[in-house]
Amino acid sequence: MTHRILFVCLGNICRSPAAEGVFRTRAPHHTTDSAGTSGWHIGDPPYGPMQKAALARGIRLDDLRARQFVAADFNQFDLIIGMDADNIADIEALRPAGNQTPVRLLTDFAPHSGADHVPDPYYTRDFDGSLDLIEIAVEGLDAHLRG
Ligand code: 4NP
């Protein structure tokens, strides 16, 4: 079954494009996109150090471009996945009346990691640490979608 999955972070240049890249590489039959709750980087490619860290794992991000999350996304996707609690709050603030699209944390799909958010490597500079967690959680997401 094909699912429509949207990954969301703050800037849409580090965590959510990385999650999109890992997921589309692992499960290319789904429809996948990513967006930022801010409009700070609209049109920008993923952040260079994140592209480099992902490519070292065989994950290409270079074709992706940042866009801002919009209320209409609730009607375009089956599942919306944020990276931290701020993302979830900013997403929920745009939910249209009556819409019931599930919104989850990516770390919900990595219950054994002990993490309750994906740390922002734009600030931590630990691109590999965030990618490790994203890869574990995307594996869990893939298993979840397979039922
Ligand atoms: P992201 O990381 O939300 O994982 O894309 C960030 C990237 C840029 C900024 C903040 C977070 N910024 O402030 O420009």
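Before anything else, a term: I call two strands paired if DSSP finds at least two bridges between them. Helices (H or I, at least four residues) and strands (E, at least two) are DSSP runs, numbered from the N terminus.

Ground rules next. This is a predicted model, where local features need pLDDT of at least 70, side-chain atom pairs count only at pLDDT 80 or more, and totals for chains, interfaces and linings use all residues. Residues are numbered from 1 along each chain as its sequence is written, and side-chain values use heavy atoms, with hydrogens and water left out.

**Entry 1, the sheet.** I looked up strand S1 (residues 4-9) and found it pairing with strand S3 (residues 79-82) in the parallel sense, over four bridges. Ile5 is opposite Leu79 in S3.

Which order do the strands have? I get S2-S1-S3-S4, an open sheet of four strands with parallel pairing. Strand S2 (31-36) and strand S4 (103-105) stand at the edges with a single partner strand each, so one side of each has no neighbour in the sheet. Neighbouring strands are turned by 25° against each other on average, direction ignored (axes are lines fitted to C-alpha atoms, for helices over the stretch in contact; angles run from 0 to 180 degrees between N-to-C directions).

Contact here means heavy atoms within 4.5 Å. Helix H1 (residues 15-26) packs on the sheet and touches S1 and S2, its direction making about 150° with that of S1. Helix H4 (residues 85-92) packs on the sheet too, touching S1, S3 and S4, and makes about 170° with the direction of S4.

I listed the residues surrounding the ligand (a heavy atom within 4 Å); among them are Cys9, Arg15, Trp40 and Asp120.

A backbone N or O atom of Gly11 is 2.8 Å from a ligand oxygen atom. For a polar side-chain atom of Tyr123, the distance to a ligand oxygen is 3.1 Å.

Key. Polar contact = N/O pair within 3.5 Å; in protein donor to acceptor, adjacent residues only side chain to side chain.
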